[in-house]
Amino acid sequence: MHEYAVTRSIVKIVAAEAEKAGARKVTRIHLVIGDLSTIVDDSVRMYFPMIAAGTVAEEAELVFKRVKAEFYCKHCRRNFVKPAHGFECPVCGGLGTPTDVGKEFYVESIEIE
Amino acid sequence: MKIKVMENILSANDQLAEANREDFARRHITAVNVMASPGAGKTSVIMELMHRLAGDVPFSVVEGDIASSIDAEKIEAMGVPVLQINTGGGCHLDANMIREAVRELQPPDHSVLFIENVGNLICPSAFDLGETVRMVIASVPEGHDKPYKYVSMFEAADVVILNKIDLKPYIRFDTDSFVRGVRALNEKAPLFEVSCSTGEGFPELTAWLKNQVG
């Protein structure tokens, strides 16, 4: 819901990295976004051309890698993908606890020329 | 050419939040970030806590709201220092807003600073403010499914409050399901069931909060 602020941060991070590398232009931005991070890809895509205009990243393509949220089952001692309803382990039915998988929210890499 | 970046998108906010956290700790300010959906009773809970803490510890309030000053006026009428932040449509407070608000409000050392976040169970969970206590309020009329829908909010809470429990006789609210959801996400946070109308649960909650004050 706060994609405007998020998109600004993305452009800022990418512009700083591109400058460090002496890039003429950024062609691709790879983002890793967990399903629990509350960010909608389409909304970032909508803001991006506005915010990136006039920067080294203005023609960059955005590539999203989405990560599904995983919970941990103490009984089965393994992670499982959080079902649509509830937090129950699909194997034993026990209650899972949250893990860090699904909270990713970072710029993984950029491609430059 | 491909360059590895691996930088958290909200790192700028997180760095400012860390600076806030150090300032609060140094000055022994207990900053309470109050988060809930609209209408859960954030302002009412803060006001009830202030009534009960009056005389024991000084407090001030930062009110986050999209555009109005309705809540800030209520706090001001109590004679409590309050600063209104209008986010202009923004869905959350961020660490920079709090940094500037604290500079302006100048809360005294050894005090409680209540920060009423924007009414929203999603976005505020992603923005660390550098707070001391993350207080999450749910209320009976919202339904018992809130922890199952807003995982990040309940997972990160330091204290969970279930408000409006005087309405339980009139509403099909499954307390067991609510508690089970909260506990799956968060084993540690104490859970208080309260009512701002009857005062039930507030002696316990107030005692807990007093214990957090440094």
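The structure is a predicted model, in which local features need pLDDT of at least 70 and side-chain atom pairs count only at pLDDT 80 or more, while totals for chains, interfaces and linings use all residues. Residues are numbered from 1 along each chain as its sequence is written, and chains are lettered from A, with ligands numbered from 1, in the order in which they are written.

**The nonpolar core**

- In soluble globular proteins, nonpolar side chains tend to be buried together.
- Here the largest nonpolar core has 93 residues; a core is a set of buried Ala, Val, Leu, Ile, Met, Phe, Trp, Tyr and Cys residues joined through C-beta atoms within 7 Å.
- Buried means that 20 or more other C-beta atoms, placed from the backbone, lie within 10 Å of a residue's own.
- V14(A), V26(A), I115(B), V136(B) and I161(B) have the most contacts inside this core.
- Helix α1 (residues 3-20) of chain A gives the most to this core, with seven residues; helices are DSSP runs of H or I with at least four residues, and strands are runs of E with at least two.
- Setting aside residues up to four places away in sequence, V14(A) touches V26(A), I29(A), A57(A), V107(A) and I110(A), where contact means C-beta atoms within 7 Å.

**Two helices in chain B**

- The axes of α1 (residues 11-26) and α4 (residues 95-105) of chain B come within 8 Å and cross at roughly 35°; axes are lines fitted to C-alpha atoms over the stretch in contact, with angles from 0 to 180 degrees between N-to-C directions.
- N13(B), L16(B), A17(B) and N20(B) of α1(B) meet A95(B), N96(B), I98(B) and R99(B) of α4(B).

**A sheet in chain A**

- An open sheet of three strands runs in the order β4-β3-β5 in chain A, with antiparallel pairing; strands pair if DSSP finds at least two bridges between them.
- β3 (residues 70-73) and β4 (residues 78-81) of chain A pair over four bridges, with Y72(A) partnered by N79(A).
- These two strands form a hairpin with four residues between them, and R77(A) in the turn has a positive phi of about 55°.

**Where the chains meet**

- 22 residues of chain B are in contact with 25 residues of chain A.
- β1(B) gives the most to chain B's side of this contact, with seven residues.
- Strand β6 (residues 105-112) of chain A pairs with β1(B) in the antiparallel sense over five bridges, and V107(A) has E7(B) as its bridge partner.

How values were computed:
A residue is buried if 20 or more other C-beta atoms lie within 10 Å of its own, exposed if 12 or fewer, and partly exposed in between; C-beta atoms are placed from the backbone. Two residues are in contact if their C-beta atoms, placed from the backbone, lie within 7 Å.
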